[in-house]
Amino acid sequence: LTVLSLFSENETNNTADKVIVISGIEHQTPYIEEGILNYLGHHRYHMETTVHAGKMALTIDDRNWKLSITKKDHRATYVVIYDLSDEEKPRVVMFNKNLLLE
């Protein structure tokens with residue numbers, strides 16, 4: 001049983017995926033990229049992305065989150081979970097995929 005399967009159990013109605021905009025600066029060069037957060041069920045969305053050391057910003061549904069990535073995590077794959085279970089206070093959780101046990 002995986003974390004992702006817990007979110008999707010017993011879900012019959014699918015909701016549209018969401019667009020995420022990720023921006024930051026890598027080697028003094030600004031970047032902006034778009035990705036898709038896939039619907040997991042139970043008002044939660046998921047994606048994986050490569051992060052870059054330094055300051056990053058995430059924009060989902062016109063809401064912004066800012067974070068800093070350490071040099072040791074430069075170019076690491078991060079899991080992004082967008083939680084809309086409380087629509088007034090949506091949450092974003094990000095972590096290095098290497099923290100997941102196979």
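Rings of Phe, Tyr and Trp (its six-membered ring) pair if their centres lie within 6.5 Å; planes under 30 degrees apart count as stacked, over 60 as edge-to-face and the rest as tilted. Keep that handy for Exercise 1.

This is a predicted model, where local features need pLDDT of at least 70, side-chain atom pairs count only at pLDDT 80 or more, and totals for chains, interfaces and linings use all residues. Residues are numbered from 1 along each chain as its sequence is written, and side-chain values use heavy atoms, with hydrogens and water left out.

**Exercise 1. Find the aromatic cluster and look into one of its pairs.**

Step 1: Look for ring pairs; the structure holds 3 of these aromatic pairs.

Step 2: Pick out Trp-65 and Tyr-82, which sit edge-to-face at 5.8 Å centre to centre, with 75° between the planes. Trp-65 belongs to strand S5 and Tyr-82 to strand S6, so this pair ties together parts that are 17 residues apart in sequence. (Strands are DSSP runs of E, at least two residues, numbered from the N terminus.)

Step 3: Join up the ring pairs, and you get a cluster of Tyr-39, Tyr-45, Trp-65 and Tyr-82.

Step 4: Check Tyr-82 for burial: it is buried, with a relative accessible area of 0%. (Buried means under 20% relative accessible area, with a 1.4 Å probe and protein chains only.)

**Exercise 2. Work out the strand order of the sheet and trace its hairpins.**

Step 1: Line up the strands: the open sheet has 7 of them, in the order S5-S4-S1-S2-S3-S6-S7, with antiparallel pairing. (Two strands pair if DSSP finds at least two bridges between them.)

Step 2: Go to the edges, where S5 (63-69) and S7 (91-96) each pair on one side only.

Step 3: Follow S1 (residues 18-26) into S2 (residues 29-41); 9 bridges join them, and Glu-26 has Thr-29 as its bridge partner. This hairpin has 2 residues between its strands, and His-27 in the turn has a positive phi of about 50°.

Step 4: Carry on from S2 to S3, joined by 3 bridges, with Tyr-39 opposite Tyr-45. Here too the hairpin has 2 residues between the strands, and His-42 takes a positive phi near 55°.

Step 5: Finish with S3 (residues 44-50) and S6 (residues 77-83), antiparallel over 7 bridges; Thr-50 stands opposite Thr-77.

**Exercise 3. List what Leu-37 touches.**

Step 1: Set aside its neighbours within four places in sequence.

Step 2: Collect the contacts (heavy atoms within 4.5 Å). Among them are Ile-20, Tyr-45, Met-47, Ile-60, Val-80 and Tyr-82.

How values were computed. Helices (H or I, at least four residues) and strands (E, at least two) are DSSP runs, numbered from the N terminus. Buried means under 20% relative accessible area, exposed over 50%, partly exposed in between (1.4 Å probe, protein chains only).
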